[in-house]
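Please look over the sequence and the model below before reading on. The report is meant to be read alongside them.

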Amino acid sequence: MASDPCLGMLGLARRAGKLAFGDELVRQLCTDHKARCVLVAADAGESTAKKAAIYAARANVPCITLPHGKEELGAAICKNGCAVCALSDIGMAAAAIGKLAAAHEEYTAVAEQLSEKNARIQSRRGKKKPRDRETQRKADEKPSVPVKPERKPEQRRRGVSQRGATGKRHARPSGAGSRPASQRKPGENKRAKRVVNRKSPHSKAER
């Protein structure tokens, strides 16, 4: 039954990465609550069928026994002898079981259940949850452009000239007790000493 529409849909889900197969992968998908339905082969073992039902109940999804055996199911998803698998996409799950219900009436109730769930999920997609009034009020009060705090003037190195209160530049003293160069004694200021020597009348004789 390679041309079965349901098996064809399972093969498409396998290629799209929306199908988990094998006991371990199905259990993990159901534990993470990402499974939409669990499918079991008709000739699967009793223990496998029981574990699949437990996994489906844990994820609150339907567990469906297919009318196909392990070989047919494995051939459809390119996995030899697959006994259990699970779909993680609600749209593909509803489509696969819908195709199965078209050929087998006993699956009609499950197909309708998945179809309604798919419709609810699709209607919720794209809709934003409404904000409560308190959160909306805080968002409205918050300014759209944040105001940057005033930056403090950077501290300059000692001895570097800076503008004073009058706007004129003045040299900062290198020490706390130092005096301006014009008020220093000739012995303290080498430049002032040279100027005094030039003006002295005995400077040429001394030389």
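## Basis of the report

The structure is a predicted model, and the values given below were computed from it.

## Helices H1 and H5

Helix H1, which covers residues 5-15, packs against helix H5, which covers residues 90-103, with the two axes 7 Å apart and at an angle of about 160°. Since angles over 145 degrees count as roughly antiparallel, H1 and H5 are therefore roughly antiparallel to each other. The crossing of these two helices, H1 and H5, is left-handed.

On the H1 side the contact is made by Pro-5, Cys-6, Met-9, Leu-10 and Ala-13, which meet Met-92, Ala-95, Ala-96, Lys-99 and Leu-100 of H5. Sorted by class, the contact of H1 with H5 contains nine nonpolar residues and one charged residue, with no polar residues.

## Helices H2 and H3

Helix H2 (residues 23-31) and helix H3 (residues 46-59) cross at roughly 20°, and their axes come within 8 Å. That angle makes H2 roughly parallel to H3, because angles under 35 degrees are counted in that way. As in the heading above, the handedness can be stated as well: H2 passes H3 in a left-handed crossing.

From H2, the residues Asp-23, Val-26, Arg-27, Cys-30 and Thr-31 meet Lys-51, Tyr-55, Ala-56, Arg-58 and Ala-59 in H3. The contact of H2 with H3 divides by class into five nonpolar, one polar and four charged residues.

## The largest nonpolar core

The largest nonpolar core has 46 residues, and within this set Leu-10, Val-38, Leu-39, Leu-73 and Leu-87 are the ones that touch the most other members. Helix H5 supplies the largest share of this core, namely eight residues. Leu-10, listed here among the residues that touch the most other core members, is also one of the H1 residues that meet H5.

## Two residues of helix H6

Gln-113 lies in helix H6, which spans residues 108-124, and with a relative accessible area of 46% this residue is partly exposed. The C-alpha atom of Gln-113 is separated by 9.9 Å from that of Ile-97, although the two residues are 16 residues apart along the chain.

Asn-118 also has its place in helix H6, but at 18% relative accessibility Asn-118 counts as buried, because buried means under 20% relative accessible area. When neighbours within four places in sequence are left aside, Asn-118 is in contact with Ile-90, Gly-91 and Ala-94.

How values were computed: Residues numbered from 1 in each chain as written. Predicted model: local features only at pLDDT ≥ 70, side-chain atom pairs only at ≥ 80, totals over all residues. Heavy atoms only, no water. Axes fitted to C-alpha atoms, helices over the stretch in contact; angles between N-to-C directions. Helix = DSSP H or I, 4+ residues; strand = E, 2+ residues; numbered from the N terminus. Parallel < 35°, antiparallel > 145°, perpendicular 65-115°, else oblique. Left-handed = near helix turned anticlockwise from the far one by under 90°. Contact = heavy atoms within 4.5 Å. Nonpolar A, V, L, I, M, F, W, Y, C, P; charged D, E, K, R; others polar. Core = buried A, V, L, I, M, F, W, Y, C linked by side-chain atoms within 4.5 Å. Buried < 20%, exposed > 50% of the residue type's maximum accessible area, 1.4 Å probe, protein only.
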